[in-house]
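Let's take a walk through a protein model together. Keep the sequence and the 3D view open as you read.

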Amino acid sequence: MTTSTTTRPWWQVMCLTGVDYFSTLGYQPGIAFLAAGLLSPLATVVLVLLTLLGALPVYRRVAEESPHGQGSIAMLERLLPRWRGKVFVLALLGFALTDFIITITLSAADASAHVVENPHVPEALHGQELWITLGLISLLGAVFLKGFREAIGLAVALVIVYLSLNVVVIGVGIVEVLRNGHVVTDWTAALTTEHGNIALMIAVSLTLFPKLALGMSGFETGVAVMSHVRGSPDDDPMSPAERIRNTKRLLTTAAVIMSVFLICSSFVTALLIPTAEFEEGGQANGRALAYLAHLRLGDVFGTAYDLSTILILWFAGASAMAGMLNLIPRYLPRYGMAPEWAGAVRPLVCVLTATAFLITWIFDADVDAQGGAYATGVLVLMTSASVAVALAARKARQRGWTVAFTAIALVFTYTTLDNIKERPDGLKIGACFIAAIVVVSLLSRLTRSLELRTTEITYDARAEVFVRDCARRTLRLVAHDPAHADAGAYRAKVRHIVDAHDLANGGDLVFVEVVVDDYSDFESRIEVVGSVRHGEYRVLTVRASTIPNALAALALDLREQSGVRPHVYFEWTEGNPLTQFARFLLFGAGEVAPLTREVLRRAEPDHRRRPHIHAG
């Protein structure tokens, strides 16, 4: 897949996120009625208030904190250090994949419902929703196998046409309600009979809104595509102020537009569609607005609406697929927790498409059944985002925002837990994704642990002087523990190396000290700093995520720069070999000498060019 780096005006990028966000109108009104019944309009108002007062402020802050599209997951990665942050990110990736995969399967299932329910479709296709859904997912996978370009341009066209048709359908529905005022009184009378008074209705609506969380999708995608939003030529590359402002406009405009559509569509469908039609097997099940389009505007307009809905629902899956193809390579390979094929588009597309097939088969392409799983993925990501911005506000010592974002985080936490309690499918699928990611990640990290794991090596001026001077004779490096930096430790190490290896003197010895920073990182950039300790001992200090790999990478790089095969001297580490290997995998240390030698053996197959390793 080729990813364009061309930026576009914010409103065009909004349409790219909108194919996911706005397309939920295809099924949201029907799902809302099944969840809340006649209270669905009031529950939708509660949902909109949570969107505008909760999700929107959170993601506007996320846009400030991650202006290059890293999203809330990257914020938490920065705020939670070492393995704790990595494990948390892996868990969030599991729920993110749940969100994106269910976006593909649910959208395709709803698109197939629009295909089958169209009156011009042959009778033979009725009851074949599963196969139609699998066909649409196959087509989506084929598009990505071939290549995915000009997504924004196509998204703009689809969103404009789709929203325009919805304006017509909802507008006609509102006119119908105004002409037949009795439908409002019938609805309010039924509500009063069922719930008694307005206070009780509001209270019940507050408990029901977690079931309507599908209408809040799209925010994570909105910040993920920030790199496509056009800023100002004068923007600071590290903190592009104009791009951030335009992304906030994108998020706000999309939220306001969707809020209006959600409220209006919920009212007209609840008032104009008989309850029985929302149920399974009813003509409005999963396609309430399409039902109104055919009923009020005729089959020609209804068919045009169906076609538009099918295309935008299908393209919502494309948006989700693109999100996963950007998300997975961004994190897992950098953690060393992905096989090599995870960085290649076509194998990853095949795996994701096969996963979507499996989920579709499990749910039998049922839109209603997948709603809970989709909502769980969306809500977990929103909860993590609210936690991330609360932590960021606390770190910035912004007390007011800390309190506000913490309150929002608590609301989203309640919403998520309530949704999981009522519909645990999302948690089960998310847990399966998390388990698969963790197992594959650990196996991958184990098999790749003996790679060089260094992206770049640089030297300061003094380190270059040490290398040039010693390379004229013999380049001898001594691995040394930076925790023992007193003169006696250096003196004792020189005496030991000279005696153990029968060297004439220790004059050419250069100490190498590897300081392990974040041992949970897989790859690292190495900066070599030279210094003279106690007036006589030359020391090269390296900061890396693991000791053996850094020493191996340094030895190979010195060979390339100097043309001399370095000698590297070690002392054996005491302890159980298995325990030492576990320390290496988890903390970047362990039995350094044999591990360094093994990394070198794999990186340089020709033993005649391989740096010398000595241990004693």
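In which helix does Leu-206 lie? Look at helix H9, residues 198–208. (Helices here are DSSP runs of H or I with at least four residues, strands are runs of E with at least two, and both are numbered from the N terminus.) Before going on, note that this is a predicted model, where local features need pLDDT of at least 70, side-chain atom pairs count only at pLDDT 80 or more, and totals for chains, interfaces and linings use all residues. Residues are numbered from 1 along each chain as its sequence is written, and side-chain values use heavy atoms, with hydrogens and water left out.

Back to Leu-206: its relative accessibility is 43%, so it counts as partly exposed. Among the buried ones are Ile-73, Met-75 and Leu-76.

Now find the sheet. Strands of a sheet pair through backbone hydrogen bonds, either parallel or antiparallel.

Finally, some charged pairs. Side chains of opposite charge can pair when their charged atoms come close. The model has 16 salt bridges, each being a side-chain nitrogen of Lys or Arg within 4 Å of a carboxyl oxygen of Asp or Glu. Glu-560 makes one with Arg-559 (2.4 Å, N to O), and Arg-559 is buried, at 10% relative accessible area. Glu-560 also meets Arg-609 in a salt bridge (3.4 Å, N to O). That pair links distant parts of the chain, 49 residues apart: Glu-560 is in helix H20, while Arg-609 is in the loop between helix H22 (592–603) and E7. Arg-609 is partly exposed, at 38%. Another salt bridge joins Arg-608 and Asp-606 (3.2 Å, N to O). Shared partners also tie Arg-559, Glu-560, Glu-604 and Arg-609 into one salt-bridge network.

Definitions and conventions: Buried < 20%, exposed > 50% of the residue type's maximum accessible area, 1.4 Å probe, protein only.
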